[in-house]
Amino acid sequence: MLVVDTLALSGGNVPARLFPDERTEPMTGVGGHTDTLGELLERVARQDPTAFAELYDATRSRVFGMVLRVLRDPGYSEETTQEVYLQVWRSADRYDPRQGSALSWIITLAHRRAVDRVRSEQSGADRESHYGSTNVDAAFDSVSEEVTQRDDRRRVNECLGSLTELQRRSVELAYYRGFTYTEVAEELSSPLPTVKSRIRDGLKRLKNCLGVTVDG
Amino acid sequence: MADEANDSSRDLLDMAPVFALDAVTAEERREIAARLAEADPEVSERFDTEVREVHETLAAMSAGTATEPPPELRVRLLDLVHAELTTKTPAEKTHTEEPGEPEAPRVEDEHLPPPVSLDERRQARRRNFLLAAAAAVIVAIGGVVVAGQWQTTSEPGTSERVFAAEDVRTSSGELDGGGTATVVFSKEEDAGVLVMNNVAPPAEGSVYQMWLVGPEGMEPAGTMTPDDVAPSTTAVLEDISGATALAFSVEPTGGSTQPTAIFAQLPLD
């Protein structure tokens, strides 16, 4: 089963004691170590704070960027990203490498939290009327211009562009707006089975375009 | 019957992509989980495989939206993680009291300013209590910084510079009168941000005064009147690079040139 439990986080109200000041490592990337994300996650499961910092540095822009894309509010996105990483810290021992990559485990946690947040903030109708115009996408693109991995970004956009218009819109409404597939169907005035098959076909096309392989 | 079972399996497998996208309601999610638990193992395995493929695809997609988070998030997360760790392993600490048993607020003093200065031994013990920072305080700091960051469009504020500094550090403690004080500071930026949570205001006619403790003695670093002290109070501190500690005293309104009674100190080194 790939159902990932959502932990009830205590919201940071843990009685805590402070600690020596070794958390002033320079905020560099992850160069210099050879651990894979999976290995880092195993160390995080053993409550290794150095591994946690490395894992954060290696994944933070992907997690924050995806969350920001869904929530479209930097403050909410920062809060949600914080919750995601605390969940990673507290439940890394639940990660099972046989069930997928460490990155997909983290991104899955993050997306679930972002969707929960966006759904609790507003109804689907509000979401669309508030965020539905294309100039929001344009604004988002300009924010993300600073991203360093331009090649990756271009490739992902090319792959999205290789979908049919309706496949792409269905996937984007569901994944980046937090719509349920029923809401997607309403939004696009399409029958439910059509939406489901568009989403499935769109995701298959993305998988092939991005060269994603899954073992076993 | 067999056809019905096949239809049901097909329906279930049809849901795998939208399930993997989180494009289902909470109720649908529970229903799917329940059906999977009942389903033929071959069906649930196919379902899992498809969900996994979608999740790997979405992980690859995340390169397309990658955006750097604000640097203070890193500081805050590492603070919280370290705080959790030290809560879990209190055994090696130098003092003998239970970490979950801070000094009770002194009820008899509640109409008075916080207690007076302390001898060496209590100072040492206090240091341990000073280390008993509540993670909630850190979260509060985060909130302050977040608000500051997104509202300010011009040059970065002091708190942003401090949080973004390479050498950013945190010093935190509980006060005898109740509440916590945390200072996040950077010697490079020569500044700090003080956050006080749930600290009782000084009595009418008096103020809390902050002092930067340095080799040449105490430099006044600002005062807080009873009105200044809210459930969550923040203050920016400048010119801290020469200081070894931030001290607090109670003074008459207007403050003093020399501290009368230091009641708390946060190390700045």
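**View 1. Asp7(B) and its partner Arg10(B) in a predicted model.** In this predicted model, Asp7(B) is partly exposed, with a relative accessible area of 39%. The side chain of Asp7(B) meets that of Arg10(B) in a salt bridge, with 3.3 Å from N to O. The two residues lie three apart in helix α1 of chain B, which covers residues 2-14, and about one helical turn therefore separates Arg10(B) from Asp7(B).

**View 2. A salt bridge between buried residues of chain B.** Arg29(B) and Asp22(B) are joined by a salt bridge in which the closest N and O atoms are 2.8 Å apart, and both of these residues are buried.

**View 3. Arg98(A) and Asp96(A).** Here the side chains of Arg98(A) and Asp96(A) form a salt bridge of 3.1 Å, taken from N to O, and Arg98(A) is exposed, having a relative accessible area of 67%.

**View 4. A salt-bridge network with residues of chains A and B.** Salt bridges link Arg200(A) and Lys204(A) with Asp14(B), Glu50(B) and Glu53(B) in a network. Over all chains, the structure holds 19 salt bridges.

View 5. Helix α7, formed by residues 150-161 of chain A, has twelve residues and reaches 16 Å from its first C-alpha to its last, which is close to the 16 Å expected at 1.5 Å a residue. Within α7(A), the residues Arg153(A), Val156(A), Cys159(A) and Leu160(A) are buried. Seen down the axis of α7(A), the buried residues fall within an arc of 125°, so they line one face of the helix. The face turned away from this buried side carries Asp151(A), Glu158(A) and Gly161(A), which are exposed.

Notes
Residues numbered from 1 in each chain as written. Chains lettered and ligands numbered in written order. Predicted model: local features only at pLDDT ≥ 70, side-chain atom pairs only at ≥ 80, totals over all residues. Heavy atoms only, no water. Salt bridge = Lys/Arg side-chain N within 4 Å of Asp/Glu carboxyl O. Buried < 20%, exposed > 50% of the residue type's maximum accessible area, 1.4 Å probe, protein only. Helix = DSSP H or I, 4+ residues; strand = E, 2+ residues; numbered from the N terminus. Expected span 1.5 Å × (residues − 1). Arc of directions from axis to C-beta.
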